[in-house]
Amino acid sequence: FVDICTPPCFHADQIIAACRAGVHVFCEKPLVTSSAGFHQVKQAADASGRTVFTVNNWKYAPIFAKTVELAAAGCIGQVESVSLSVLRPPNAGGGASDWRRQPEVAGGGILLDHGWHHLYLVLAIINQTPESVSAEMEFAETGGSSLEQTVDLRLRFPGAEAQLHLTWRASSRRNFGQVIGNQGTISINDDHLILSRYDAAPVRYDFLEALSHGSQHLEWMKPVIEGFWQEVCDASVRGANLEEARWCVHLTRLAYQSYKEGSRPIPIIGQIG
C-alpha cells in the first residue's frame, strides 16, 4: 500500500496512479477536494479492486468515541441537536510551506480542513440521512484570500439538526460542543464530557488528552489502521470508509454552494455526490 500525506490538491492524481499500479491507498483527509475528483478516485478503486481509505481519525478520539457510544445506547434518548465548535488561532498548521493559505494547493479553507472531520462525526452521532445544508462564511479581511477563515454550517435531519462553528480567527485552541436529546445532554469540553440525564445525577468522563492538544494524535491511529487492514483483507466490507468520504465531499460542496447563494439551505436530493 501507499500512504499519501501530501497537500490535498495532489491526492486525486496520486490515488488514481496508485490504484492503477495495483496497490491499496491510505490517504490523509480530505480525500479529495471536489466531487469530480471523488468520482475519478471511485472509478479507479472499483476498476483495480483496491482499497482507498481516508484517515478519518477523529471518530477514534476517546471523547468522541464515548459520545457516539452514549448517544447510540440511548443514554440521552432521541438525539435532537448537535453543536460542535472548533477554535484555532491564525496560522495553525500547513507545514513549512504554509500550504493551508494557498487556495490552489489546499482546495479550501477551514471547512475542508477541520470541517471534514466534524461532518463525519455529526453523521455518526445523529445516525440519520441529512435533508439540507446551509453555511455562512467569513474570509480574511486583508490580502484578498479566497479561503474561508470562519464557517457556521447547519445540517437539518428528519428529526434533528446539527451546527458546526469553525474558525481560524480565535485567540486560543479549543474544542467543545453539546449533544441534546429528549432525555438529557452530553456536554463535550475538550478533555472531558459530562452526561446529564434529566432523571439522574451528572456523570463526568475525563480523558488523558484534550482534543485541541496538538494535531497529530498518534494514539487515535491504531483503530484507523485496523479499519484499513480489514478493508484490505475483506472485500465484503471494502468501501465503507470511501462512502464516509463521499458524504464529506458532497456536504462540503453543498455548503460552498449555499454560501454562494446567500447561505440558503440546499436540499440533499437523491443519490449523494
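## Strand β9 and its neighbours

Strand β9 and strand β10, the latter covering residues 192-197, pair in the antiparallel sense over five bridges, as described here for a model that is predicted.

Phe176 stands opposite Asn189 in β9, and a hairpin of two residues leads from β8 to β9. How far is strand β9 enclosed by the rest of the structure? Five of the six residues of this strand, which spans residues 184-189, are buried, so β9 is largely enclosed by the rest of the structure.

## The sheet of nine strands

These strands belong to an open sheet of nine strands, whose order is β11-β10-β9-β8-β4-β7-β6-β5-β12 and whose pairing is mixed. The edge strands are β11, at residues 203-206, and β12, at residues 266-267, and each of them pairs on one side only. Val133 stands opposite Ile266 in β12.

## Helices α3 and α5 across the sheet

Two helices lie across strands of this sheet. Helix α3 lies across β4 (79-87), β8, β9, β10 and β11, and runs at about 175 degrees to β9. Helix α5 lies across β4, β5, β6 (148-156), β7 (161-167) and β8, and runs at about 20 degrees to β6.

The helices also pack against each other: α3, at residues 62-72, and α5, at residues 110-126, meet at an angle of about 25 degrees, with their axes 8 Å apart. Because angles under 35 degrees count as roughly parallel, α3 is roughly parallel to α5. In this contact, Phe64, Thr67, Val68 and Ala71 in α3 meet Leu121, Ala124 and Ile125 in α5. The residues of the contact divide into six nonpolar, one polar and no charged.

## The sheet of three strands

Which order do the strands of the open sheet of three strands follow? The order is β1-β2-β3, and the pairing is parallel. The strands β1 (2-4) and β3 (52-54) stand at the edges with a single partner strand each, so one side of each is left without a neighbour in the sheet. From one strand to the next, the twist averages 20 degrees.

Three bridges connect β1 with β2, which covers residues 25-27, and this pair runs in the parallel sense. Here Val2 has Val25 in β2 as its bridge partner.

Helix α1, at residues 11-20, packs with α2 at an angle of about 10 degrees, and their axes are 9 Å apart. The two helices are therefore roughly parallel to each other. On the α1 side, Ala12, Ile15, Ile16 and Cys19 meet Gln40, Val41, Ala44, Ala45 and Ser48 in α2. The residues of this contact divide into seven nonpolar, two polar and no charged.

Ser35 has its place in helix α2, which covers residues 35-48. Is Ser35 buried or exposed? Its relative accessible area is 15%, and because buried means under 20%, Ser35 is buried. Leaving aside residues up to four places away in sequence, Ser35 touches Val249 and Arg253.

Helix α7, at residues 240-260, has 21 residues and reaches 31 Å from its first C-alpha to its last, which is close to the 30 Å expected at 1.5 Å a residue. Of these 21 residues, 15 are buried, so α7 is largely enclosed by the rest of the structure. Just after α7, Gly262 takes a positive phi of about 80 degrees.

Glu104 lies in helix α4, which covers residues 103-106. With a relative accessibility of 57%, Glu104 counts as exposed. Its C-alpha atom is separated by 9.9 Å from that of Ser146, although Glu104 and Ser146 are 42 residues apart along the chain.

Terms used
Residues numbered from 1 in each chain as written. Predicted model: local features only at pLDDT ≥ 70, side-chain atom pairs only at ≥ 80, totals over all residues. Heavy atoms only, no water. Buried < 20%, exposed > 50% of the residue type's maximum accessible area, 1.4 Å probe, protein only. Helix = DSSP H or I, 4+ residues; strand = E, 2+ residues; numbered from the N terminus. Pairing = 2+ DSSP bridges. Axes fitted to C-alpha atoms, helices over the stretch in contact; angles between N-to-C directions. Parallel < 35°, antiparallel > 145°, perpendicular 65-115°, else oblique. Contact = heavy atoms within 4.5 Å. Nonpolar A, V, L, I, M, F, W, Y, C, P; charged D, E, K, R; others polar. Expected span 1.5 Å × (residues − 1).
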